[in-house]
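Dear colleague,

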Amino acid sequence: MKKKRFTFHVDLDMFNPASEKDKEYMVQMRESSTFFKDGVKRLYKNKIAFVSFLVIVIIAVSSIVIPAFWPYSYENQLGVQPGKPVDASYNNLKPFEYGRTEQMKIDGGEKVFPHLFGTDSAGRDYFIRVVYGTRVSLAVGLFASIIVLIIGTLIGSISGYFGGKVDLIIMRIVDIIYSLPDMLMVILLSAVFKLTLTPVIAGTPLEKIGANIISLFLVFALLYWVSMSRLIRGQILSLREQEYVLSAQATGAKGSWIIRKHLIPNCISVVIISAALQIPSAIFTESYLSFLGLGVNAPMPSLGSLASEALNGLSSYPYRLVIPAVVISLIVLSLNLFGDGLRDAFDPKLNN
Amino acid sequence: MNSKTMLYIGKRILLAVFTVWVVITVTFFVMHAVPGGPFVGEKATTPAVQAAMEAKYGLDKPLMEQYGTYLKDIVTKFDFGPSLKQRGRQVIDIISDGMKTSLKLGLIAAVLSAIVGIVLGAVAALRRNKLIDRVIMVITTAFVSMPSFIMGSLLLALFAIKLKILPANGATPAGLILPIVTLALYPMAYITRLTRSSMLDVLGQDYIRTARAKGVSGGKIIFGHAMKNSLIPVLTYFGPMLAYIVTGSLVVEQIFAVPGIGRQFVSSITNRDYPMIMGTTIILAALIVIMNLVTDILYKVVDPRITLE
């Protein structure tokens, strides 16, 4: 090649077209990320939320798994055997103490499964009662928030989407329910539902759940949907002005279709977050009612009723109060922290 | 106050009155929907005696007529009828008796939690991310996630039974210490967190920087410039705080055997004393509604930047 003077001696070979191999080297392939994946990644980085999530999972899984293999059950009074007088030595055992017949077995060389937390005043293994109570409290919290989620979403989206008179009427009802003192109404309604429901559900499968729990769900369905529906209505009001909704309407989509396919998926993150934050408040309410004697039916335990029962023997057996107290505070605390983490991860608008 | 503010206040008062009416109506019809009536389960009642009792308390009249009388008595005479289980006593007398103790309890708890909460919140905001801030935040987080009955029971176990330094029975003045502390801890923790975040918000504003640049001292910035504005969000919490204290006192009075209205309410539920349940619900609900109303109005009046809807 002939040297050209005014080209600063640039090697022209460097300007050849790139081969296919060179091109591949330049291309950076990254997996496409969705909104959900992004959120999970952010959540994973948030240590507090992650630890809280682990705590919740551990508590939930152990409350489901442990009763399956534990040798004692939550309702079995160990001192009561058919055909024999009640053996009072099983009542009020301290942790790792044994009843009279159990002690005889141990002396005879047999192995007896220890009562980790002792037994209660009726001779029931306290550890399994705490585990079962945790399960009941968690289940109540979960179902109550699902009920709130469904009703709130339904009414909120109807109100927000249709607007006009429908919206006006629904929002006035929401205003009134919102200004009712909720706890007082919960107590009143549970007291009344309990009396009304008990004869109705006698003999049906619902009897096992108990009138109190059903009335708790009813109360949640009646009163607690309002804040959820307000939230969803606000979301829908801003979303329905978007162009894609207009385009769906122009192509002849019906209202229910637009709500289901366009509006709900777009406000789902807000919905899930507030549902997650609803669970601890439901657990709070349930334990509060159980404490007042309006919660689960005996012998079924819940964390609130366990704490309430523990008050009677507080001076001799303070650990019976401390254990459910710690569990319930741990659950509520980690659910709250996890909910906050969820909000930070899935609601990027809040960060601005 | 301009006409827009007046209109807003008028609207809110109307809504409050309407809410109280809804509470009265719901309470009345819900209580009368209970099967069996209040005298079922009484010892030694024949149908004739039951009929006589129902006639005495006006329970044999049509429901709408009973409702009309009930509403009229409340509005005109502030009369909630006689108690069914504490014979010869009027519901309103029992309530006002219990109210004396409960109001004292609730007010002291409210004032205590406001003062301690604001101070702790301001301290945490000033020493942001320092050790003392961390400690305050951890403690308040723990308090916020503990139900009042658990808190009360634990305090009872610790101070009255283990250490034996405070009486467990709330009937004496010294015995009111534990219930007051129990009631105050949750709102205190909440106010601390609220004050901290709003104080941090205010401290980041331009006018604070201007004051700093002019050479205003640290204390004067906090108390003269930042405090007033950072307390506005705290003010909104007073309505919910009262609601919390009212419902919290139901269990707290139960735990510490305080002879207040909360204990009356709980025992009237187990006794099926219908007029008592109705009367207490209505009065407590009205209290909460009025407090929310006052908070809302105060909030709008104190901060003129807030737009009225």
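This is a predicted model: local features need pLDDT of at least 70, side-chain atom pairs count only at pLDDT 80 or more; totals for chains, interfaces and linings use all residues.

In the contact between the two chains, chain A takes part with 32 residues and chain B with 37 residues. On the side of chain A that touches chain B, the elements giving two or more residues are helix 6 (164-179), helix 7 (182-201), helix 12 (255-291) and helix 14 (319-346) of chain A, and helix 7 of chain A gives the most, with 9 residues. Sorted by class, that side of chain A has 24 nonpolar, 7 polar and 1 charged residues.

Within chain A, helix 2 (residues 35-45) packs with helix 14 at an angle of about 135 degrees, their axes being 8 Å apart, and the two helices of chain A are therefore oblique to each other. Helix 2 of chain A passes helix 14 of chain A in a right-handed crossing, where A:Gly39, A:Arg42 and A:Leu43 of helix 2 meet A:Gly341, A:Leu342, A:Ala345 and A:Phe346 of helix 14. The residues of this contact comprise 4 nonpolar, 2 polar and 1 charged.

Within chain B, the axes of helix 1 (residues 3-32) and helix 13 (residues 274-302) cross at roughly 165 degrees and come within 10 Å, which makes helix 1 of chain B roughly antiparallel to helix 13 of chain B. The crossing of helix 1 and helix 13 of chain B is right-handed, and the residues of their contact divide into 19 nonpolar, 4 polar and 3 charged.

With best regards

Terms used. Residues are numbered from 1 along each chain as its sequence is written. Chains are lettered from A and ligands numbered from 1 in the order in which they are written. Two residues are in contact if their C-beta atoms, placed from the backbone, lie within 7 Å. Helices (H or I, at least four residues) and strands (E, at least two) are DSSP runs, numbered from the N terminus. Ala, Val, Leu, Ile, Met, Phe, Trp, Tyr, Cys and Pro count as nonpolar, Asp, Glu, Lys and Arg as charged, and the others, Gly among them, as polar. Axes are lines fitted to C-alpha atoms, for helices over the stretch in contact, and angles run from 0 to 180 degrees between N-to-C directions. Angles under 35 degrees count as roughly parallel, over 145 as roughly antiparallel, 65 to 115 as roughly perpendicular and the rest as oblique. A crossing is left-handed if the near helix is turned anticlockwise from the far one by less than a right angle, and right-handed if clockwise.
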